[in-house]
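Good morning, and thank you for coming.

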Amino acid sequence: MFYKPTWWKEAVGYQIYLKSFKDSNNDGIGDLNGIREKLPYLKDLGITLIWICPFYKSPMDDNGYDVADFFDIDPSFGTLDDMKLLIKDAHKLGIRIIADFVMNHTSDEHAWFIESRKSKDNPYRDYYIWADGKIVDGVETPPTNWASFFGGSCWKKDILTNQYYMKIFSNKMPDLNYKNPKVRHEMMNVATFWLDLGIDGFRIDAVAHLGRKDELIDSTMDTLGKYKPDWRMFSNLPVIFDYLREFKENVFDKYDIVTIGEVGGGATPEEALRYSNLEAGSLNMVFNFDHCWSNNVWDLNKKEQVVVDLVNLKKNFRKWQYGLYGKAWTPIYWLNHDHPRLISQYGDPNNIYLSGSMLGSSLYFMWGTPFVYQGEEIGMTNYPFRTIDDFNDVQDKNNYYLNDIENSPNKDEYIYLMGIKSRDNARTIMSWDSSKYAGFSNVKPWFNILPNHKEYNVKKALEDEKSIYKHYREIFKLRANPKYKDTLIYGSYKQLLPRHKDVYAYVRIGNKKILTVSNFFNKDVNVSIRGYKVKKVLLSNYDNPNKALTNLTLRPYETITYLVE
Ligand code: GLC
Ligand code: CA
């Protein structure tokens, strides 16, 4: 076997957006005890690793990604004792827990920033990135023309000292200054605190942005608008690898943990290898998003449908599966809390079971550690947003108001198109059952409930003879089966029919060979796959799957996984 076996290579992950998962004390907000209640449900699905979105004390400008105190739990989510109990109960069930480690920034309500902004000579001044504005033609502008991910400039002026602080996300999320060794030291203490509490590792938020270009020079990017989305000014710069090495040597290496960095769009497989290569990487794996947008959602007109570009999706799969295999490890996932729902993105809201189970087999028999996003396993869809008040996300709201959409004749179209891409789609309330508040709470939850929760929910998924949930459970059983583990966990990946527009086919090769063939569309298709002989069908989403590989007719959204030779 090529790879050294470790628990996290064999794990099945599940991402929890805490605020929307399960409310245990009926205040309308999901909490740690809610997760504890649902551990048996996750165990039954085959989950062995949970990533929980930020639970730290926070004013919730970005639902917890704006941390005001790294050493405490937000009271709306519970207490440190609840966390200890959750870790204990999860470990008893063989489930490990990783925390979202928000390294790049804090809340502006964090004690360090409250100090930092007070004066230029405050001992905490250098914890953040401060600079003078520029005077251009007699008018003051921010230090550079770099944009923020959440709209507008990545600088915000603070009148107390008349300087600007850097904030590549919201105004309430000032960026930490990693050049300052004190900041690195403080953040290593944060990591150590949680690891000593029993956490099994971290998903590291926005890790690609810990370094910035030294010179504050304007971007020359040729785009409309004052502020340039020139992310390379503060993404994936080489200095990050030095910072991470320090974290690895002083903290990560001391524990049996897993670390997964979010490197976002823009990172190449070569950069991913710098973060996570087997010999010298500081992280165990990284999340990129190349495969998450292989359709027309970014240039859609109101009248058009979302159309999946399977050829492009397959190209992205090849890029990462081939690019990293044997050199690093990788997570596999369809979406996270920053993306639209899978069924609305790549599946079919009118064929939820078939398209959802097909997408599951298409992804989770590939090489890497699966991360299921909450609600994906029951086929949750996008939310039908109608007005700006239906949204919660600070990114969407910023863009709406900064562009004065409120007074634009295209307001309805803007809302419709924003709704298709919005991060809020992933953040709606988990559909546990068909009751008024979807089994999430006894009171009205903090956010939207999907109208289709009556037909698609956990309770039904468990009762129905066929459901996405049950299909996913079979996938994870096969991955854990000692007979197939060498192939499905550690084996290599080979893509077939790369140019086929409708069918995705790939083989995993270890001490056995396992072939998965999926029809991505709502029509019959015929393909011919040569060079393999079917020994057995391992999983399919229709009864009586066809076994003639050289003349294989697949029904709408049909997926079949074969043991072959
Ligand atoms: C990451 C998170 C996202 C958050 C941002 C700032 O991209 O996934 O939800 O808004 O970082 O913390
Ligand atoms: Ca609660």
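**Domains and ligand**

The chain is divided into domain 1 (13-105 + 181-386 + 428-469), domain 2 (111-166), domain 3 (387-421) and domain 4 (492-564), with bounds from an automatic or database domain assignment. This is a predicted model, in which local features need pLDDT of at least 70 and side-chain atom pairs count only at pLDDT 80 or more, while totals for chains, interfaces and linings use all residues. Residues are numbered from 1 along each chain as its sequence is written, chains are lettered from A and ligands numbered from 1 in the order in which they are written, and side-chain values use heavy atoms, with hydrogens and water left out.

Taken over C-alpha atoms, the centres of domain 1 and domain 4 are 29 Å apart. Between them, 25 residues of domain 1 are in contact with 29 residues of domain 4 (contact means heavy atoms within 4.5 Å).

I turn now to the ligand. Which residues come nearest to ligand 1? Of the 13 residues around it, they are D62, D205, E262, H337 and D338 (near means a heavy atom within 4 Å). The shell around ligand 1 comprises seven charged, four nonpolar and two polar residues.

Oxygen atoms of ligand 1 take part in polar contacts, that is, pairs of N or O atoms within 3.5 Å. A polar side-chain atom of D62 lies 2.5 Å from one such oxygen, and the side chain of H337 has an N or O atom 2.8 Å from an oxygen of ligand 1. Of the 310 Å² that ligand 1 exposes when taken alone, the protein buries 95% (Shrake-Rupley method, 1.4 Å probe).

Methods. A polar contact is a pair of N or O atoms within 3.5 Å; within protein, one must be able to donate a hydrogen and the other to accept it, and residues adjacent in sequence count only if both atoms are side-chain atoms. Ala, Val, Leu, Ile, Met, Phe, Trp, Tyr, Cys and Pro count as nonpolar, Asp, Glu, Lys and Arg as charged, and the others, Gly among them, as polar.
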